[in-house]
Amino acid sequence: MQRYNILWADDEIDLLKPHILFLEERGYDITPVTSGTDAIDELEEKYFDLVFLDENMPGMTGLETLSQIKSTKPSIPVVMITKNEEEAIMEEAIGAKITDYLIKPLNPNQILLSIKKILDNKRLVSEHTNTSYQQEFKEISMRIGDDLDFVKWAEIYKKLVYWELEISRTENRGMAEILTMQKAEANAQFAKFIAEHYESWLNDPDIERPVMSHQLLQKKVFPEMKGDPHFLIVIDNLRFDQWKIIEEDIAPYFNVESEETYYSILPTATAYARNSLFSGELPLAMSKKYPELWVDDNETEEGKNNHEAEFLALQLKNSHVEIKTSYHKIISASQGKQLNSSFNNLLNNDLNVMVYNFVDMLSHARTDIKMIKELAADEVAYRSLTRSWFQHSTLFDMLKLIADKGLKVMITTDHGAFRVQKPFKIAGDRSVNTNLRYKQGKNLGYKSKNGILEVPDPERLHLPKLNVSSSYVFATDDVFFAYPNNYNHYVNYYRDTFQHGGISMEELIIPFIKLSAK
């Protein structure tokens, strides 16, 4: 029988010794603490399955402790224990997502029953979530209108993701439409921010700038190369909200040491962003320094990242980082199983890099296969499908193997994806690339400039061009590019699909996570 770890916070914990012994005799491991502050410290140090929390403690109250726990460990169930029978306090606690509410004096069987059951509290959680978002809506709207920097934009995006996930878990999603509108407004302002600042991030050495694709390994990964073997897992096309969903499954095995974001380069597409990540170079430099490794937009999707291992080796050499590495690209379950079966061999390396392509394949399958599109009909279902894959994936099995050895792992991606709705008519010759969120080529033709960012001089953004007169155009908002020929069929086929390559918070602001085994 599995043993469960329970944290019990009560300033009179000595008086509860009989109850603790009662639970320990039934196979539960109890960690007693006497304050909310001590409870928070314990939760930072180790994993618990359940928290008992006294409401009336000196210093940090039970409700204050509950709020802090839920902000950092939202998946941990909390049972509030109190002498206070006021209905308002009960509703506030339930609305803040406690799992149960017990009144002193406690009965041992009452406690045991509380551990074993789940209360029907969905209605109160739904009301609390929608009310809380309503209260924060105005603050977020005001911040969107401010002169934000790249750090503040990442905070805005993470806050919107938080509310998106919270509302999606409630029975009454009445605020979901308002949140969608607020995200659209945020993305419109974010696109203006990128248009104003992106070029200077790449060219002005004296300004504050985010960590970007070509700097990630140098700034975030290589400095970690000390001691035990490390693992870097790159999940292609993983958005921050998808990370938050799979985090719930990872939580029993790993502590999140840090949860950061970095910015993808433009275009937010595999050939550019991921090659940049592994080479440590921007696309223009890659095309000039390594023409034999660089592939242009005319290559097939499968051919655009065939040289990641070589790029990684070159970056290590150029950075004077002398470590033993391995590189593995997983595009099928059989490849994942084969890698897992040779796990012990990976322990001989300082850094093991693994690229998992499933999420990107899922987004393409959702476009091309009607059944997958129906299964992932909206953002909520798309995240659910991602989580379902992860729970049964060889990647999850690999993470369990890493956790079993007590090692560290970093999880990141190359870019995110955006759900597109509005077609933008554009014309070009046969050399124009096929991506729906950015176009490059000569003589690009379009009438409107709403929903796009024009880049007539690609080299200022460190982008190569196929021809002397080539330019780039990036989609913003929920725009996707469509050709005049067979326009209606094209629009109906690609509307409401997840695409990447353009400018949105979802595509550009992406996760970099450091985990340590529990």
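The model is a predicted one. Helix 3 spans residues 62-72 and has several buried residues, while the structure as a whole contains 30 salt bridges.

**Helix 3 and its surroundings**

- The buried residues of helix 3 are Gly-62, Leu-63, Thr-65, Leu-66, Ile-69 and Lys-70.
- These buried residues line one face of the helix, because they fall within an arc of 155° when seen down the helix axis.
- An α-helix has 3.6 residues a turn, so residues three or four places apart point the same way.
- The exposed residues Ser-71 and Thr-72 sit on the face of helix 3 that is turned away from its buried side.
- Two helices are packed against by the buried residues of helix 3, namely helix 2 (36-45) and helix 4 (87-95).
- The buried residues of helix 3 also pack against strand 3 (50-54) and strand 4 (78-82).

**The salt bridge of Arg-169 and Glu-166**

- Arg-169 and Glu-166 form a salt bridge in which the closest N and O atoms are 3.2 Å apart.
- Arg-169 is partly exposed, at 43% relative accessibility, whereas Glu-166 is buried, with a relative accessible area of 7%.

**Salt bridges between distant parts of the chain**

- Glu-248 and Arg-387 meet through their side chains in a salt bridge of 3.0 Å, N to O.
- This pair links distant parts of the chain, as Glu-248 belongs to helix 10 (residues 240-250) and Arg-387 to helix 18 (residues 379-391), 139 residues apart.
- Glu-248 counts as partly exposed at 27% relative accessibility, and Arg-387 is partly exposed with a relative accessible area of 23%.
- A salt bridge of 3.7 Å, N to O, brings together the side chains of Lys-422 and Asp-478.
- Lys-422 is partly exposed, with a relative accessible area of 47%, whereas Asp-478 is buried, with a relative accessible area of 17%.

**A salt-bridge network**

- One network, built from salt bridges that share partners, joins Glu-164, Lys-183, Arg-239, Asp-241, Glu-379, Arg-383 and Glu-506.

Conventions
Residues are numbered from 1 along each chain as its sequence is written. This is a predicted model: local features need pLDDT of at least 70, side-chain atom pairs count only at pLDDT 80 or more; totals for chains, interfaces and linings use all residues. Side-chain values use heavy atoms; hydrogens and water are left out. Buried means under 20% relative accessible area, exposed over 50%, partly exposed in between (1.4 Å probe, protein chains only). Helices (H or I, at least four residues) and strands (E, at least two) are DSSP runs, numbered from the N terminus. The arc is that of the directions from the helix axis to the C-beta atoms. Contact means heavy atoms within 4.5 Å. A salt bridge is a side-chain nitrogen of Lys or Arg within 4 Å of a carboxyl oxygen of Asp or Glu.
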